[in-house]
Every structure is written in structure tokens, then in C-alpha cells.
Amino acid sequence: MHIALYEQELDPWREITAYQATRLKPGSYGATAVFVGTMRDFHAGEHVSAIELEHYPGMTEKSLAEIAAEAGRRWDIIDLLVVHRYGYITPGAPIVVIAVWSAHRGAANDACRFLIEQLKAYAPFWKKEHTSKGARWVENNTSGH
Amino acid sequence: MSIHVRFFASLRERVGCGELEISAQGVANVGDVWRAAVGAELQAPPQTLAALNMEYCALDTPVGDGDEVAFFPPVTGG
């Protein structure tokens, strides 16, 4: 299990490839489920030119570790990776990558969905959007369904 | 005998500071921490969340010397 926070740019595919090559035993897994969250250039009817992503250092890592541990208790998964950015982010840039490896597809898919939904509900991150009308805090995450 | 208090995001801007220390004397729970740190004139917005030592908690959770208490709005990561 690996959880990381980056201020610099995040390449989700490189993260997954590197993690899989160094931490997963070839032949041990049959399914890899991936979620990548990417910054949009629109929200609530406004063009968004950038976001500032603030977090609570210490609690963020703790929260993500608890969510990952809960996924491990609920599903038969082999390993997982969560990398989330913070700081100044522009449209098109990946914000979060989650990858889950398991023997069969059900556990990987279900755990991956659980991880992103729990992260969005509980991990202490906050987005401030920059629009043509000025900066505004995003008040609530949209429903994932 | 002190409690470390932190504010994040819109609440940090509203309160006007990111962190401060308050005396633990006369402070029994998380709600008291808000009143001691911010003052009674600025009430916490209804959706305000609180954490004690980096775990979500309720306003009536007891606090003591050396604790870290944080207040923040609903989270919007991912």
C-alpha cells in the first residue's frame, strides 16, 4: 500500500507503471482497477482557470491510510496506490490517481470506487477556484453517482 | 497548559488566521475551543467540521492540554 501527496505535477500512468513494476509480483494479480481525477476548466457554469488545493498536512495522510485500511478489510485486494496533488493546479492536470490490484475484477473495481468516494467525503482537502469573476471556495463535492 | 487550534480554507480566511495557541484553562470541549479562539461574536457556519488530534470529532468532545483542534468547511478533494 502506498499513499503520497505531491505538490509537483502528477503523471498517473507513470505512477501506476512504476509501482506495479517494483511492488507487485508478476502473475499474482489478475485485475487492476484505476481511477484518475483530472481538473476540468468549468464548474457551476463558470470557466475555471486554476485551482488552489489546500489540505491538512498530517490528517490528510492519516485519513487516506484509514480509508485504504478499510478497503483492505472489506475486499480481498493485493495492493493499492493513492496519490493526490495539492497546491496550484491548472485544467487538464491530474489531481488524483487510485489503483487497486486484486486476483479478480470485482474486488479491484469495488475497492477503487470505495476509495475515491471515501476520499471525496472524508479526506481533508479544499479547492479554491479561480474564475473570471474572482476566486471562490468550492462549498461541497458533487455526488459521485 | 495550551491547546493548538487550526483553521482551514474558507474558515481560515473568515477567522483571519491559520493557527494559534489558546490556554486550556476553562476549556472543556471542542465547542469551547471555538469560543475561546474565535470569540462569541463569530459563530461557526452550520456545516463546520471539527477534528481533535487529526480525527473527526463532535463539538462536545472533551479536550485537554496538548491537544490539537482544527475547524474547517466540508471537504472538496478528489
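**Entry 1: helix H3 of chain A**

I began with the buried residues of H3(A), and I listed Ala107(A), Ala108(A), Ala111(A), Cys112(A), Leu115(A) and Leu119(A). Why do they lie on the same side of H3(A)? I checked the directions around the axis: these residues cover an arc of only 125 degrees, which puts them on the same side of the helix. I remind myself that this is a predicted model.

Next I asked what the buried residues of H3(A) pack against. I found strand S2 (31–38), helix H2 (59–74), strand S5 (77–85) and strand S7 (94–102) of chain A.

Then I looked at the length of H3(A). The helix runs over residues 105–122, which is 18 residues. At 1.5 Å a residue it should span 26 Å.

**Entry 2**

I turned to the strands. In chain A, 4 strands form an open sheet, and I read their order as S1-S5-S7-S2. The pairing is mixed. Which strands stand at the edges? They are strand S1 (2–6) and S2 of chain A. Each has a single partner strand, so one side of each is left without a neighbour in the sheet.

I followed one pair in detail. S2(A) and S7(A) pair in the antiparallel sense, over 8 bridges. At one place I found Thr38(A) opposite Pro94(A) in S7(A). A reminder for myself: strands of a sheet pair through backbone hydrogen bonds, either parallel or antiparallel.

**Entry 3: chain B as a whole**

How many helices and strands are there in chain B? I counted 2 helices and 5 strands. From the N terminus on, I wrote the elements down as β-α-β-α-β-β-β.

I then checked the overall size. Chain B has 78 residues, and a compact globule with that number would have a radius of gyration near 12 Å. The value for chain B is 12 Å, which agrees. I noted the spans of the C-alpha trace along its principal axes as about 35 × 25 × 20 Å. Buried residues make up 35% of the chain. I looked at contacts in chain B with a separation of 6 or more, and 52% of them join residues 24 or more positions apart.

**Entry 4: the sheet of chain B**

I traced an open sheet of 5 strands in the order S2-S1-S5-S3-S4 (chain B), again noting mixed pairing. Its edge strands are strand S2 (19–23) and strand S4 (55–57) of chain B, each pairing on one side only. Neighbouring strands of this sheet are turned by 30 degrees against each other on average, direction ignored.

I picked out strand S1 (residues 2–7) of chain B, which pairs with S2(B) in the antiparallel sense over 5 bridges. His4(B) has Glu21(B) in S2(B) as its bridge partner.

What packs on the sheet? I found helix H2 (residues 30–38) of chain B there. This helix touches S1, S2, strand S3 (49–52), S4 and strand S5 (68–72) of chain B. Its direction makes about 105 degrees with that of S2(B).

**Entry 5: where the chains meet**

Last, I looked at the two chains together. I noted 23 residues of chain A in contact with 13 residues of chain B. Which elements of chain A give two or more residues to the side that touches chain B? They are H2, S7, H3 and strand S8 (125–131) of chain A. H3(A) gives the most, with 4 residues.

Key. Residues numbered from 1 in each chain as written. Chains lettered and ligands numbered in written order. Predicted model: local features only at pLDDT ≥ 70, side-chain atom pairs only at ≥ 80, totals over all residues. Expected span 1.5 Å × (residues − 1). Buried ≥ 20, exposed ≤ 12 C-beta atoms within 10 Å, placed from the backbone. Arc of directions from axis to C-beta. Contact = placed C-beta atoms within 7 Å. Rg over C-alpha atoms; globule rule 2.2 N^0.38 Å. Pairing = 2+ DSSP bridges. Axes fitted to C-alpha atoms, helices over the stretch in contact; angles between N-to-C directions.
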